[in-house]
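Thank you all for making time this morning. I would like to walk through one model with you, slowly, and I will say as I go how each term is being used.

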Number of protein chains: 2
Amino acid sequence: MDNRDSKKNYRTRQQDSIEKYFRLHPDSCVTADEIYIRFMNAGEKIGKATIYRCLDRMVESGEIKKFLSDGGEGATYQLIDGEGGCDRHFHLKCTRCGTVIHMDCEFMDEFERHIMQHHGFMVDNGRTIIYGLCEKCNAKAT
Amino acid sequence: MDNRDSKKNYRTRQQDSIEKYFRLHPDSCVTADEIYIRFMNAGEKIGKATIYRCLDRMVESGEIKKFLSDGGEGATYQLIDGEGGCDRHFHLKCTRCGTVIHMDCEFMDEFERHIMQHHGFMVDNGRTIIYGLCEKCNAKAT
DNA sequence: ATTAAAACTGATAATCATTTTCAAATTGCC
DNA sequence: GGCAATTTGAAAATGATTATCAGTTTTAAT
């Protein structure tokens, strides 16, 4: 029925390297270009096109998440630890330090129920990102 | 203290035209390019740079809202009727038809309170957009 | 291990939205 | 009217991302 994912993924050195990078930096939020620079500085050759393609694949598979930026600074990518499946909770992203909090609690269901019942709207958790300030940054901001 | 808005805004034909366009199409969600094409087709001459600049100003003033798109399709802009001040409520945006629902109810406060108390996170309503399907599109989708 | 097909890489070119530049035009104010 | 501040617009520049395509690597099957 759905043959979008009919092709298998071949494991490659570049793919593994990028994946390893994210696993080593679980909280870092990087652009494709930053990855390119880091790899080049580390003496690991990789093409930009490849980076974009790998990132796309990883986003597709739900391993990482893509965040759009308001200015023209290029999208950032960040590891999403998929233990519980990320369609099941919201992501709270700090606009200051980039931290992503996984909001995985019963209240979320209540939230969705309210929006469905009172506003006739079916929330897409995977696509939605709640922006604001995390505890630390909020303390600093005041 | 804050001299960012020290310069006065001159009212111009182009500025008025774009503003009028949004008022006439409160529910339409357009890209800068679409505005350009519409104006050209209507015989109203305008430069693209000007459109971008006007849109930026209107976003700044809170009159319209800028929505980023995941693909490379360019940002879309939509009128935000500022009756109650848009920092006071959430925006629910349908990923199918583009409709924006203003969620302005007591539950929102509860939501913010919960997130603050249980997740230590200070939600920024103005920046946050909840994505999903509106009633009509959700019905069709099933 | 060979092999063939499928998938991936990377250098480069292309695309395309957005920004910058700067001279000319417009606006608001005296 | 006259002047300074601001805006406009055509064209060039920028910059992130995607497409191209020949060559390489991976996988699965023999």
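This is a predicted model: local features need pLDDT of at least 70, side-chain atom pairs count only at pLDDT 80 or more; totals for chains, interfaces and linings use all residues.

Residues are numbered from 1 along each chain as its sequence is written, chains are lettered from A and ligands numbered from 1 in the order in which they are written, and side-chain values use heavy atoms, with hydrogens and water left out.

Let me begin with the two protein chains. If we take contact to mean heavy atoms within 4.5 Å, then 33 residues of chain A are in contact with 33 residues of chain B. The area buried between chain A and chain B is about 3000 Å², and carbon and sulfur atoms give 69% of it; buried area here is the accessible area, with a 1.4 Å probe, that two parts lose on being put together, summed over both. On the chain A side, the residues that lose the most area to chain B are Phe107(A), His119(A) and Phe121(A), which together make up 20% of what that side buries.

How many salt bridges are counted between chain A and chain B? The count is zero, where a salt bridge is a side-chain nitrogen of Lys or Arg within 4 Å of a carboxyl oxygen of Asp or Glu. Eight residue pairs between chain A and chain B are, however, in polar contact, with both residues at pLDDT 80 or more. A polar contact is a pair of N or O atoms within 3.5 Å; within protein, one must be able to donate a hydrogen and the other to accept it, and residues adjacent in sequence count only if both atoms are side-chain atoms.

Several elements of chain A supply at least two residues each to the side that touches chain B, among them strand E4 (90-94), helix H4 (106-119) and helix H5 (135-141). The largest share of that side, seven residues, comes from H4(A). Helices (H or I, at least four residues) and strands (E, at least two) are DSSP runs, numbered from the N terminus. By residue class, the chain A side divides into 18 nonpolar, eight polar and seven charged, with Ala, Val, Leu, Ile, Met, Phe, Trp, Tyr, Cys and Pro counted as nonpolar, Asp, Glu, Lys and Arg as charged, and the others, Gly among them, as polar.

There is also strand pairing across the two chains: two bridges join E7(A) to strand E6 (residues 122-123) of chain B, and the two run antiparallel. Within E6(B), Met122(B) stands opposite Leu133(A). Two strands are said to pair if DSSP finds at least two bridges between them.

Of the atoms of DNA strand C that come within 4 Å of the protein, sugar and phosphate account for 74%. Both chains reach phosphate oxygens of DNA strand C with polar side-chain atoms, Arg57(A) at 3.0 Å and Tyr52(B) at 2.6 Å. H3(A) gives the largest share of the surface near DNA strand C, five residues.

DNA strand D is surrounded by 25 residues, the closest being Tyr52(A), Lys7(B), Thr12(B), Thr50(B) and Arg53(B), and sugar and phosphate account for 73% of its atoms within 4 Å of the protein. A polar side-chain atom of Thr50(B) lies 2.8 Å from a phosphate oxygen of DNA strand D, while a side-chain N or O atom of Gln14(B) is 2.8 Å from a sugar or linking oxygen. Here the largest share of the surface, five residues, comes from H3(B).

Finally, chain B holds an open sheet of three strands in the order E1-E3-E2, with antiparallel pairing, and its edge strands, E1 (30-31) and E2 (64-67), each pair on one side only. Four bridges join E2(B) to strand E3 (residues 76-79), and Ile64(B) has Leu79(B) as its bridge partner. In the hairpin of E4(B) and E5(B), which has five residues between the strands, Gly98(B) takes a positive phi near 90°.

Conventions: A residue is near a molecule or strand if one of its heavy atoms lies within 4 Å of it.
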